[in-house]
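Q: I am new to this structure. Could you show me how to read its features, one by one?

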Amino acid sequence: MKIIWGIFKRDMCHATRNVIAVIVSMGLVVVPALYAWFNIAASWDPYGNTKALKVAVANNDKGYKSDLIPVRVNVGETIISTLHANDQLDWQFVKSDKAIDGVKSGEYYAAIVIPKGFSADMMTLFSPDIKHAQLKYYLNEKINPIAPHITDQGATTVVNTIDKTFAKTIAQVGLDLASSILHYSQSPQMAEYMRNLNGNLTTMADTLSGASQQVTSYSQLLGSANDIVDSTGKLLASATKAGKQAQNALKQGKSGATSFTSAGANVTSSVNTALDQVSSAFDQVAAKVNKAFDAIGKDSDTAASQLTTLSEQVSSSESLYDTYITSLNHMHESVEQLPDSDSAKQALLEAIDREITLLEAAKGDSQKLAQQLKDASTQVTQDTAAAERSRKEILNRITSAKQSISNVRDDYATNVKPKIDALASTVSTLISQTDSMITQLSGTADDLDDVTGDVGTNVTSIRSTLGAIAKKLDSSAATVKELITKLETGGNAGDGNSDGGDGDNDASSSDSGESDELRALATANASTLSTLISAPVALHRVSVYPIANYGSAMAPFYTILSIWVGAIILCAMLKVTISDREKAHVLGLGDTLPRVAGPSGPGNASRWGLRLDHEYFGRYAIFALLALLQGTLVCLGDMYFLGVQANHALQFLAVGWLAALVFSNIVYTLTVSFGDIGKAVAVVLLVMQVAGSGGTFPIETLPKFFQMLYPFLPFPHAIDAMHAAMAGSYGNEYLLDMVYLALFLIPSLLLGLVLRKPVIRLNNWVSRNLESTKVM
């Protein structure tokens with residue numbers, strides 16, 4: 001490695017020793033970049049600059065007009081008008097003689113001559129003898145190899161324009177004829193006649209429809225009456241049955257009302273008896289209280305025992321209040337079931353509620369009396385003065401309780417009992433009246449039952465007759481309306497059979513549909529429809545991995561080509577072999593090698609440690625450095641000077657660097673191994689790769705030989721990798737191409753390091769013979 005580095009350092013010193021050497025070194029780096037940039041810039045947008053290509057156009061068309069198509073057709077004039085607005089080429093509108101002569105002299109690249117009968121020949125499409133309309137196209141193919149292809153594109157544009165114009169013209173004529181027919185059918189005279197006829201027919205149809213509706217309404221009215229009769233019969237039958245059930249219920253109601261009246265009397269008697277017993281019981285309690293308190297001073301224990309017994313007796317009487325309150329609540333629930341319209345209902349409910357309130361108050365007095373008696377039983381043995389106060393309070397409570405009982409009895413006698421008696425009387429009267437009414441209703445229902453059956457039968461017969469009449473009227477109205485529709489839509493051409501059956505109606509419907517379609521076409525935008533007919537399909541382009549412009553598309557080819565050219569220039573300008581003087585200096589042997597080294601040539605200093613591989617890599621180092629500079633400059637110039645598309649700039653540079661190393665090593669190895677013959681081989685490889693790399697034309701369009709050779713050339717893989725770096729990579733496409741490109745170093749290094757040794761003597765012998773010619 002030290003020897004290789006020493007050779008490289010001496011080479012760098014020699015290359016920068018003086019101004020001329022620096023200029024030449026810079027030139028070696030810049031010239032390949034200039035080669036690529038000029039070619040890329042020149043092809044940046046070649047088809048965008050075709051406006052300067054002159055193409056002559058001569059129109060001799062006389063046009064066409066016939067009785068079938070009353071519109072004058074001149075396709076040639078239409079073509080000229082279209083080309084005036086087309087800036088794809090520099091169209092020159094001249095006479096036919098000048099156009100042909102201009103093509104011969106080179107003034108025009110091509111000429112298009114429209115013959116006299118061009119429109120007439122196109123219109124033979126409508127005659128039995130069809131002629132193919134032809135344009136005369138004159139082309140000067142010697143001026144430029146690419147120009148004919150560009151002008152061919154222009155001629156194709158003209159042909160496409162003619163095809164579209166012809167189709168559009170025919171469609172326009174057809175639509176105009178349809179529109180004329182429609183306008184004639186809508187003239188004022190025809191419109192007035194149709195209005196009168198339609199008015200009369202409309203009146204007739206309305207009259208028929210109105211009569212049908214009246215008949216239908218009358219039938220529906222009779223139907224409603226029949227429903228009423230049926231419902232009445234069922235209602236009467238139901239009423240008869242219900243009447244009998246009601247009579248049975250009323251009999252039970254009478255018995256219940258009587259029971260209710262007697263029950264009310266019994267309740268009143270029971271209430272009075274119970275309340276009188278409670279009142280007299282309170283009188284007895286008062287007497288026993290006085291007796292008990294009188295015995296306090298003599299026998300307090302006996303008095304306390306008597307008071308406790310009285311407290312328990314008063315407490316046991318509370319159940320009487322509860323029983324009475326429960327009875328009143330049941331009565332309250334029964335009264336609530338009466339209808340709200342009953343005037344006695346609310347008054348009775350209020351009286352019962354007030355009675356319950358009074359009983360609750362009386363019950364409370366009894367509870368308090370029992371508690372006071374209980375409390376007094378404990379006080380009589382402790383405090384005589386307190387016992388005397390308790391006697392007064394107990395007597396007062398007994399008086400209050402007796403008054404509550406008296407209030408309950410009086411309120412019951414004054415408010416509750418009269419209302420219960422009144423309710424019982426009202427119920428009895430209502431039951432009697434209802435029984436009489438049901439008896440009368442049952443008799444009436446029996447009389448009407450036979451009548452409803454006869455009426456229902458007659459109504460059904462009349463409705464059937466009216467329904468048939470209504471259908472006939474509707475059918476007549478529909479026929480008149482259909483005739484009106486045909487006249488309005490202009491589809492009355494086939495109405496001669498309008499009195500037929502269903503088949504005629506179907507035919508009329510078909511005519512009406514065709515008339516609607518004709519009207520829609522005739523009233524639509526004729527220009528838009530004719531344009532659609534002439535070009536029914538539009539091409540929508542979707543770019544996959546889009547390239548910005550043609551210059552960017554060609555950049556990989558010219559960039560890779562320039563890197564190979566740079567490698568050839570390096571081998572042409574720099575020495576690939578090391579002189580004996582340089583070997584001696586590197587080895588530290590002075591200015592010359594010892595005599596034992598033999599004649600000058602590769603490997604003659606191997607005995608001092610300078611092997612053949614040292615010579616190979618030592619001198620190649622400067623070639624590799626200059627090649628990397630070439631690749632870096634051309635790639636950076638592509639991206640930032642010309643503006644070539646590069647979605648992945650670093651990958652773009654990496655392709656340039658790898659290509660520079662591979663190409664420079666291949667050319668260097670060929671030159672080192674075979675001398676000038678190796679340089680010639682490098683040029684031959686360049687020519688083969690320009691034709692067979694697929695950089696310009698798809699590889700599938702090339703001859704079979706190049707298609708077979710394609711995978712074994714480095715150009716295609718370098719160009720594909722650069723394309724992937726510019727527009728994007730599909731999967732591992734970029735990496736694979738880089739690997740394939742790097743693999744070309746293997747045979748190159750094998751030739752330079754291994755296979756080179758056997759051919760060194762052969763190469764020296766060839767060189768001596770070439771030099772002996774004094775020419776080569």
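Q: How many cavities of 30 Å³ or more does the structure hold?
A: The model is predicted. It holds 1 cavity of 30 Å³ or more.

Q: What is the volume of the largest cavity?
A: The largest cavity has a volume of about 40 Å³.

Q: Which residues line the largest cavity?
A: Val576, Thr577 and Ile578 are in the lining.

Q: How do the lining residues divide into nonpolar, polar and charged?
A: In the lining of the largest cavity, 5 are nonpolar, 1 is polar and 2 are charged.

Q: Now the helices. How are two packed helices described?
A: By the angle between their axes and the distance between the axes. Take helix α1, residues 2-15, which packs with α16 at an angle of about 45 degrees. Their axes are 8 Å apart.

Q: Why is α1 called oblique to α16?
A: The angle of about 45 degrees makes α1 oblique to α16.

Q: Is the crossing left-handed or right-handed?
A: α1 passes α16 in a right-handed crossing.

Q: Which residues of α1 and α16 meet?
A: From α1 come Ile3, Ile4, Ile7, Phe8, Asp11, Met12 and Ala15. They meet His614, Glu615, Phe617, Gly618, Arg619, Ala621, Ile622 and Leu625 in α16.

Q: How do the residues of this contact divide?
A: The contact of α1 with α16 has 10 nonpolar, 2 polar and 3 charged residues.

Notes: Residues are numbered from 1 along each chain as its sequence is written. This is a predicted model: local features need pLDDT of at least 70, side-chain atom pairs count only at pLDDT 80 or more; totals for chains, interfaces and linings use all residues. Side-chain values use heavy atoms; hydrogens and water are left out. On a 1 Å grid over the protein atoms alone, a cavity is a set of points where a 1.4 Å probe fits but cannot get out, and a pocket is an open set with protein on both sides within 12 Å along at least five of seven lines; lining residues have an atom within 4 Å of a point. Grid points are joined across faces, edges and corners, and a volume is the space filled by probe spheres set on the points. Ala, Val, Leu, Ile, Met, Phe, Trp, Tyr, Cys and Pro count as nonpolar, Asp, Glu, Lys and Arg as charged, and the others, Gly among them, as polar. Axes are lines fitted to C-alpha atoms, for helices over the stretch in contact, and angles run from 0 to 180 degrees between N-to-C directions. Helices (H or I, at least four residues) and strands (E, at least two) are DSSP runs, numbered from the N terminus. Angles under 35 degrees count as roughly parallel, over 145 as roughly antiparallel, 65 to 115 as roughly perpendicular and the rest as oblique. A crossing is left-handed if the near helix is turned anticlockwise from the far one by less than a right angle, and right-handed if clockwise. Contact means heavy atoms within 4.5 Å.
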